[in-house]
Structure formats: C-alpha cells, structure tokens
Amino acid sequence: MSSLTEKNRPIVQLLLNTGTCPRCILRFCCVGSQMLYRHPHKDLMKDLQEFLKNSQEEEDTVCLDVADPPCKRIRLEHREEGADDLNHNGAIPQLPSAGDGNAARESSAGDVCNVCLGILQEFCEADFVKKVCQKVNSADYQFTSFVFSVSLPPQLSVRERAAWLAVKQQMRNLGLPLPKDDIVQLKEAYKWVIHPQLSEELGVSADGKSLFEVSVVFAHPETDEECHFLATACPDCFKPAKNKQSVFTRMAVIKALEKIKEEDFLK
C-alpha cells in the first residue's frame, strides 16, 4: 500500500486493533487516492496487515544492525525485570505488532466498523448498490444523469472525534508529531466508492448539476444516545428547529464538538 508511510504505522496499528475498517483507516491517514478506496474490503484489510508486518520486519532488521550491542542487551534485561516499556537507548516505545494477539486478525470483513458503523463496509458493496438502483428503476423515472446525496447519523461525528483524539493521544505517548486535523471526510470517501457503481448500474453518469437526485438516508437508532452528553456540555448548540424530529442534527453535533475542549470530551 504505497500511499502509506512509516509515520502512518502507529495510526494504522491503533485503529486496526480497535475495530476500525480499512477505509476509515485510510481516511485517518489522509489518503486521498479515490481508486484505493474502491479496492475490495478484504483486499484492503490484507494490505494493511501486510503493511504492519513489513514495517515491523524492517524495524527488526535495523535493530539487528545496530553497532552498539549493549543497548539491545540493556533493553532486553529491562523487560525481563518487569518494568515499564521505556527504552534505555532512547528508542520509541512500540505498539503491539500485527502478530501480537488476535486483535488485528479478528478485524475481519464481518465486523462492523467502530467509526462508520458499516457505511464504508456493507453499504459500499454491490448488493446494496443494486437495491438502491432497483428502487430508482421501479419508479420508472426518465433521467440522463443523477446527483447523489447521502445523509449520515450525527453520532458518527462523535465516534470520529473520539477515534481521532485517541490517535492524537497515542502519537503524544510515542513522542511523535501530531497529525493534522484534515482527514478525508466520510461522505467524500463514501461517494468515491459508490459513485462508479451507481453509474454503471443505472447506466448514466453522475453529475453534480443534475436535476435528478438519488438520496440515501442512513440511521442507527441503537447509538442515538451517544449524542446526548453534548446537550449538557454545550446546551446552546441544541435548540428546537422547525421540521426536525430531533435537536441532534448533524450540524448541531458538529458545532458542539468544535466548542468542547479535548480534555472535556475525553471525560
């Protein structure tokens, strides 16, 4: 996976081990290649695990080539004494490798992503695209192009923020530079994956200026309550609005997340 570099390894490691899907991991690593997101989910998972394995092997090779053997011996003795994982030779503490435990291996295609709740998994697959297109075609509309819109549950913004803060905390713990807050947006990544499939299935091209709109609205009632703590932390952001079933709109949630300090969010 050429789009990833060594600086991405701690991010990939953490998110993969905590149940984040491959496409969301690419988003958090700021990968902007549309074609890469279109690769099958299983292939992306395999590539990420291979990336971590190769990174670990390269690091092990570097350690073996160190010209100062005592540093390595001191580090090994330090671990045997049961102390913490701080290295005496100033090396960066290591995250568990992809082969340590089963966390990364258990993040299979059947697991629901803890960030996007499946949006970039099963709802990118051919079966879902066919269902959407069957619904469109059954209405017998006449159109030569389409514009695609998607509505996401507001709690996805909360989950994304939590995952991003976990990444930043991990980078701090490792003494590494903090990543920029410019990850690829979920909606954008979703459209990258689903647009070509919709165009092929409907037989027309996607056009942002088209008068025919194909709209998909996602909801996840099981996690709706994840937004409720924001009302206490930032009550001014949530006011009843006309024609809205809930005050927890996506824009209100994003506004609240922007106002809440990092340390308060983590409490």
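Are Glu160 and Arg27 buried or exposed?

Author: Both are buried: Glu160 is, and so is Arg27. Buried means under 20% relative accessible area, exposed over 50%, and partly exposed in between (1.4 Å probe, protein chains only). This is a predicted model, in which local features need pLDDT of at least 70 and side-chain atom pairs count only at pLDDT 80 or more, while totals for chains, interfaces and linings use all residues. Residues are numbered from 1 along each chain as its sequence is written, and side-chain values use heavy atoms, with hydrogens and water left out.

Now the pair itself. Glu160 and Arg27 form a salt bridge, with their closest N and O atoms 2.8 Å apart. A salt bridge here is a side-chain nitrogen of Lys or Arg within 4 Å of a carboxyl oxygen of Asp or Glu. The two residues link distant parts of the chain: Glu160 sits in helix 8 (residues 155-173) and Arg27 in helix 2, 133 residues apart. Helices (H or I, at least four residues) and strands (E, at least two) are DSSP runs, numbered from the N terminus.

Helix 8 takes part in a second bridge. Glu226 forms a salt bridge with Arg159, and their closest N and O atoms are 2.7 Å apart. Arg159 lies in helix 8 and Glu226 in the loop between strand 3 (213-217) and helix 10 (228-233), so this pair ties together parts that are 67 residues apart in sequence. Glu226 is partly exposed, at 25% relative accessible area.

The whole structure has three salt bridges. Glu6 and Arg9 make another of them, at 3.0 Å from N to O. Glu6 is partly exposed, at 40%. Arg9 is buried, at 7%.

Back to helix 2. This helix covers residues 22-28, and Arg23 is found in it. Arg23 is buried yet has no salt bridge. The nearest side chain of opposite charge is Glu125, 4.8 Å away. What does Arg23 touch? Beyond four places in sequence, its contacts include Tyr37, His39, Pro40, His41 and Leu44. Leu120, Gln121, Cys124 and Val193 are also among them. Contact means heavy atoms within 4.5 Å.

Helix 1 (residues 9-17) comes next, and Leu14 lies in it. Leu14 is buried, with a relative accessible area of 17%. Setting aside residues up to four places away in sequence, Leu14 touches Ala166, Val167 and Gln170.

Next, the aromatic side chains. The structure holds nine aromatic pairs. One of them joins Phe123 and Phe128, edge-to-face, at 5.1 Å centre to centre with 80° between the planes. Rings of Phe, Tyr and Trp (its six-membered ring) pair if their centres lie within 6.5 Å; planes under 30 degrees apart count as stacked, over 60 as edge-to-face and the rest as tilted. Phe123 is partly exposed, at 22% relative accessibility. Phe128 is buried, at 16%.

Three strands form an open, parallel sheet in the order 2-1-3. Strand 2 (205-206) and strand 3 are the edges, each pairing on one side only. Strand 1 (residues 145-151) pairs with strand 2 in the parallel sense over two bridges. Two strands count as paired if DSSP finds at least two bridges between them. Ser145 stands opposite Ser205 in strand 2.

Two backbone angles deserve a look. Leu117 has a phi near 55°, a positive value in a residue other than glycine. Leu117 sits in the loop between helix 6 (103-106) and helix 7 (126-138). At 13% relative accessibility, Leu117 is buried. Asp140 also has a positive phi, about 60°, although it is not a glycine. Asp140 lies in the loop between helix 7 and strand 1. Asp140 is exposed, with a relative accessible area of 58%.

Last, confidence. Mean pLDDT of the protein chain is 78, and 74% of its residues reach 70 or more. pLDDT is the predictor's confidence in each residue, from 0 to 100. Over residues 60-109 it stays under 50. The model has 49 contacts beyond four places in sequence for that stretch. Where pLDDT is low, the predicted coordinates should not be read in detail.

Notes: Lys, Arg positive; Asp, Glu negative; His and termini not counted.
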